[in-house]
There are 2 protein chains.
Amino acid sequence: MNLSERKKGILSKVVELYVKTAEPVGSKAVVESLGSRISSATVRSEMVELESLGLLEQPHTSAGRIPSSTGYRIYVNDLMQSQNVSTDDAHEINNTLDKRIAEKSHLLDKASNLTSRLTTYPAYAMTSATGIITIARFDFIYVDSSSFIIVALLSNDTVKNKLVQLLKPCKPQMQAKLVAVFNASFTGKPEESITPALITATERAVGDTTGIVAVIAGFAIELLVEAKSIGAHIAGAVNLLDHPEYRDIDKAQRIIRYLSDVKELARLPSPDTAGEIKITIGPENLADELRDSSVVAVKYDTGGDMQGLIGVIGPIRMDYSKVAANLSYIAQGLSLLLSGSGILQLDTATKSKKIGDEEVGKK
Amino acid sequence: MNLSERKKGILSKVVELYVKTAEPVGSKAVVESLGSRISSATVRSEMVELESLGLLEQPHTSAGRIPSSTGYRIYVNDLMQSQNVSTDDAHEINNTLDKRIAEKSHLLDKASNLTSRLTTYPAYAMTSATGIITIARFDFIYVDSSSFIIVALLSNDTVKNKLVQLLKPCKPQMQAKLVAVFNASFTGKPEESITPALITATERAVGDTTGIVAVIAGFAIELLVEAKSIGAHIAGAVNLLDHPEYRDIDKAQRIIRYLSDVKELARLPSPDTAGEIKITIGPENLADELRDSSVVAVKYDTGGDMQGLIGVIGPIRMDYSKVAANLSYIAQGLSLLLSGSGILQLDTATKSKKIGDEEVGKK
DNA sequence: CTTTGGCACTCGTCTTTATTGAGTGCTAAC
DNA sequence: GTTAGCACTCAATAAAGACGAGTGCCAAAG
């Protein structure tokens with residue numbers, strides 16, 4: 001779209017004023033904020049043209065103009081100047097994304113809450129596996145004659161465990177046999193390869209009649225399924241109600257319900273590469289429920305075979321520049337914490353050595 | 001409070017009609033629903049007396065009556081007849097609280113979502129430790145020369161683990177020494193007893209200069225703290241918006257914000273004993289934010305050293321009888337699933353033996 | 001002493017009408 | 001191409017009126 005500099009300036013001002021005030025902006029307001037001593041009549045005639053180009057629209061004849069979704073698109077692509085996070089926000093981000101957060105899922109929790117708070121919009125965070133996850137190794141820990149703990153180390157370096165209690169004692173030799181067999185037949189295999197046939201074969205191999213093989217196999221399948229499933233959650237959904245476009249309760253409710261569904265979250269727009277910001281404006285969204293909302297999302301690196309996504313949902317009338325800056329900064333923080341070989345420095349300054357300290361699979 | 005039978009009947013009808021319609025109830029409506037051929041004038045004079053007793057109130061002179069919070073209290077204590085869960089609801093509960101849900105936290109998640117759906121109100125679920133939790137046992141699993149997995153079995157039968165990566169290889173003998181020392185000095189102790197002094201002593205005992213003892217001790221403290229902390233979460237907060245008393249966005253927002261704070265959830269009213277239903281009506285709530293809402297909660301048994309709480313928050317104009325019935329039923333289901341020695345029957349009917357199958361500490 | 005029909009009165013809700021004012025489009029002049 | 005001027009539009013707000021559900025009170029009946 002080829003716009004004169006003056007039209008660009010006017011479009012920008014309309015967007016910015018509208019974002020700030022949530023009221024249609026009139027020619028007079030544009031003149032004032034534009035500074036140049038152009039008259040309101042001139043602005044009006046320019047606005048007529050911008051409207052016929054489909055970049056502005058009028059709620060009704062005697063009101064000011066508001067940007068159309070293509071207007072926002074032009075603004076976001078060509079006109080908007082990227083800004084940096086405010087120092088206050090940067091401070092808060094740095095404080096919240098502390099190195100000492102041990103638990104990965106807590107970290108995402110914190111990050112999405114933080115994002116929501118800073119942007120005043122609902123924020124969502126997701127992680128998903130990029131590659132195939134398998135079990136790298138099994139171990140059994142003897143507890144007493146009728147119970148033991150299965151520990152499984154996954155290919156993405158997470159550890160899972162399960163306490164198994166038997167009604168009938170199980171001899172240590174049997175346990176040793178089980179570990180050997182499971183390590184031989186169940187490791188390095190994706191979930192699909194753990195078939196009933198394999199399980200039956202294993203039962204025969206160890207001479208199991210108690211069903212314990214089936215239990216362990218079930219556990220293996222379960223944790224592989226869980227590991228490859230995407231984990232998504234949303235924070236600060238109530239924040240939507242702060243914004244005038246969601247004062248209509250039914251509308252707000254519809255969209256919050258939509259966002260509460262993890263499956264739908266997984267379908268939200270996603271940037272192609274890590275660090276990239278993806279902005280999806282109003283009708284550009286595929287989901288009907290999001291037709292009059294916008295989504296800003298950024299992908300980040302977690303290292304290993306996982307990738308993460310963090311984003312916000314808000315009204316089309318959104319301060320894209322600020323939101324993008326915050327998201328970027330937070331994503332960078334997450335990348336730093338989660339990837340980078342996973343080695344975090346110990347916080348006890350007196351120690352002379354660094355110790356790797358990646359927390360996984362705990363609950 | 002000594003009320004004539006007729007007054008009791010009128011109060012009941014006012015409550016029930018108001019709960020159903022959300023409109024002030026007039027004398028005529030009471031007569032109709034009461035069936036007996038009493039006249040509306042009589043009802044009116046009775047209502048005047050009920051009002052002077054503080055059980056009914058009038059929004060304005062020319063409107064019907066609504067129950068006051070003490071009116072509700074009388075109704076709940078003396079007048080309300082307890083009902084059973086509807087067969088539809090019972091079905092849904094049975095289907096949702098499936099034995100095969102492996103993960104405890106998922107179970108609570110499901111339960112609170114279910115509760116919210118059935119009651120149409122936000123539901124919260126909590127668990128907390130009743131006794132002192134200690135570490136029963138440590139084990140280390142060797143992964144490679146520079147990493148191993150710590151597995152800790154807690155006194156409440158949950159298992160936690162952590163993958164530790166070292167910058168410098170650690171000899172197997174050292175690992176063995178560490179296990180022995182930790183099992184000797186850190187087990188059976190509550191979190192408070194794991195003092196810096198103990199840690200330093202342990203470091204000296206094993207001759208550790210790498211800080212690894214501190215890491216493991218930190219892990220121990222962390223998981224004890226986590227285990228004894230209450231876990232609370234809320235489901236279906238949006239549901240509030242369905243109800244006319246929360247059409248006022250600011251009000252709805254205030255209360256949802258309040259409920260989003262885990263610390264506040266922990267302070268919600270709680271029944272004394274398992275199975276008991278606790279109903280807290282409007283101003284009976286200590287929290288200002290809940291002054292015009294009611295809370296219905298039930299405690300359930302989880303076996304072991306833990307106890308659970310599940311409840312809903314809704315308008316004072318709530319169908320207490322139905323909500324109580326649903327909560328009771330759900331709590332029973334949870335008790336059954338979570339306690340009872342934790343032995344769940346295998347669902348593979350072909351197996352001849354039952355296998356203990358308590359899932360713990362996995363994530 | 002309780003119950004009831006009757007009736008004037010109250011007061012929130014809904015509908016109608018009037019007023020206001022921000023912002024526009026158009027036109028004629030610069 | 002730009003601008004001042006002006007009539008026009010239309011949502012938003014306010015004021016006025018009509019409506020009606022429900023009440024309180026009273027006098028008469030049981």
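This is a predicted model: local features need pLDDT of at least 70, side-chain atom pairs count only at pLDDT 80 or more; totals for chains, interfaces and linings use all residues.
1. DNA strand C is surrounded by 19 residues, and the closest of them are A:Gly26, B:Ser39, B:Thr42, B:His60 and B:Ser62. By class, this surface has 6 nonpolar, 10 polar and 3 charged residues. Helix 2 (27-34) and helix 3 (40-52) of chain A, together with helix 3 (40-52) of chain B, each supply at least two of its residues.

2. Chain A is divided into domain 1 (5-79), domain 2 (87-122 + 236-342) and domain 3 (135-228). The C-alpha centres of domain 1 and domain 2 of chain A lie 28 Å apart, and their contact takes 7 residues from domain 1 and 10 residues from domain 2. On the domain 1 side, helix 1 (5-21) and helix 4 (69-79) of chain A are the elements that give two or more residues, with helix 4 giving the most, 4 residues. That side has 5 nonpolar, 1 polar and 1 charged residues.

3. In chain A, 3 strands form an open antiparallel sheet in the order 4-5-6. Strand 4 (135-144) and strand 6 (159-165) of chain A each have a single partner strand, so one side of each is left without a neighbour in the sheet. Strand 4 and strand 5 (residues 147-154) of chain A are joined by 8 bridges, and A:Asp139 stands opposite A:Val151 in strand 5.

4. Helix 7 (residues 172-185) of chain A packs on this sheet, touching strand 4 and strand 5, and its direction makes about 170° with that of strand 4. Helix 9 (residues 212-228) of chain A also packs on the sheet, touching strand 4, strand 5 and strand 6, with its direction at about 35° to that of strand 5.

How values were computed
Residues are numbered from 1 along each chain as its sequence is written. Chains are lettered from A and ligands numbered from 1 in the order in which they are written. A residue is near a molecule or strand if its C-beta atom, placed from the backbone, lies within 6 Å of it. Ala, Val, Leu, Ile, Met, Phe, Trp, Tyr, Cys and Pro count as nonpolar, Asp, Glu, Lys and Arg as charged, and the others, Gly among them, as polar. Domain bounds come from an automatic or database domain assignment. Two residues are in contact if their C-beta atoms, placed from the backbone, lie within 7 Å. Two strands pair if DSSP finds at least two bridges between them. Axes are lines fitted to C-alpha atoms, for helices over the stretch in contact, and angles run from 0 to 180 degrees between N-to-C directions.
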